[in-house]
Amino acid sequence: MGETVKPAWMPLTPRGVAAFAHATTGRLLLVQFLFALTAGIVVAWFAQFAVFPVISRAIAQLPEQGEIRSRQLDWRGDSPQLLAEGGVLALTVDLNHAGDVRPLADVAVEFGRDGWRARSLFGIMEARYPSGWVIAFNRAELNPKWGAWRPVFLAGAVAGTTVWLMLTWAFLAALYAPVVRVAGEFADRDLDFVRSWRMSAAALMPGALIMTASIAAYGIGLMDLVGFLFAFGIHLAVGWVCLFLSLLFVPRIGANTGGKNPFASAKSKK
């Protein structure tokens, strides 16, 4: 089983993953880049579709004057007040953190008198405003700044996600490679550490595709936060399952890979 090497291009099946063991590292990096770039574009789309509109509506609800100075919010409007809410994000002002406003978004960020608080499925996270900073908290200043920086944030989401995924995949593959190398040794497969690393890196692509699709589904409301977290666990398991199934498709030592079986010459002499 799996004695021939198929051209490496799409690591979406165990056979496709196994093909990258004997492919070039450049081919692997190119395919990884395409997957990472696709994920980065989806993350930017998610921000544009599900997060940024909430921020824009919240800024439009801010008063003409207000700022954060000396770790204190100078608020000139009603409190508590719901500034804007979507399915993913909600922004509120509650100077005393009284909890009178309870938005239904997955993440609710509340601005208080001396700090902010975020509520989500994971609990409550809070922090004080930074000292020594003066932060505008009014419509007149934030609206033009948000309009100018919004495209920069989107471009940063694409570039940041792409780079982060490429580095993460390289690191995880380095962790997985020794295990794959040992498993390949027991299975008599033609693998060294570099080939094990390439195959480990390729095995992360099916899970990455699942996660990318899950982000899109979560953004348009086809999946809730619980389902998204479940998909996150699934994408990790898929990588391991695909990796060890791909061992079945790696050629055995000395079988049609250009390598030599050290025992072949001895057998022929006998």
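Arg117 is buried, at 16% relative accessible area (buried is under 20%, exposed over 50% and partly exposed in between, using a 1.4 Å probe and protein chains only). In this predicted model, local features need a pLDDT of at least 70 and side-chain atom pairs count only at 80 or more, while totals for chains, interfaces and linings use all residues. Residues are numbered from 1 along each chain as its sequence is written, and side-chain values use heavy atoms, leaving out hydrogens and water.

So what does Arg117 form a salt bridge with? The partner is Glu126, and the closest N and O atoms sit 3.1 Å apart (a salt bridge is a side-chain nitrogen of Lys or Arg within 4 Å of a carboxyl oxygen of Asp or Glu). The structure holds seven salt bridges. Among them is Glu110 with Arg119, with 3.2 Å between the closest N and O atoms. Glu110 is buried at 2% relative accessibility, and Arg119 counts as buried too, at 18%. Then there's Asp190 with Arg195, where the closest N and O atoms are 2.9 Å apart. Here Asp190 is buried at 12%, but Arg195 is partly exposed at 22%.

## An aromatic cluster

Phe52, Trp146, Trp149 and Phe153 make up one aromatic cluster, and the structure holds 10 aromatic pairs (rings of Phe, Tyr and Trp, the last by its six-membered ring, pair if their centres lie within 6.5 Å; planes under 30 degrees apart are stacked, over 60 edge-to-face and the rest tilted). Take Phe52 and Trp146: their ring centres are 4.9 Å apart with planes at 80 degrees, so this pair is edge-to-face. It ties together distant parts of the chain, with Phe52 in helix α2 (residues 25–60) and Trp146 in helix α3 (residues 139–186), 94 residues apart (helices are DSSP runs of H or I, at least four residues, numbered from the N terminus).

Phe52 is buried at 8% relative accessibility, and Trp146 is buried at 12%. Trp146 also pairs with Phe153, with centres 5.9 Å apart and planes at 40 degrees, so that pair is tilted. Phe153 itself is partly exposed, at 39%.

## Confidence along the chain

The chain's mean pLDDT is 88, and 91% of its residues reach 70 or more (pLDDT is the predictor's confidence in each residue, from 0 to 100). Where does the pLDDT fall below 50? Residues 1–5 are one such stretch, with 21 contacts in the model beyond near neighbours in sequence (a contact means heavy atoms within 4.5 Å). Residues 256–270 are also below 50, and this stretch has 11 contacts beyond near neighbours in sequence.

Conventions:
Helices (H or I, at least four residues) and strands (E, at least two) are DSSP runs, numbered from the N terminus.
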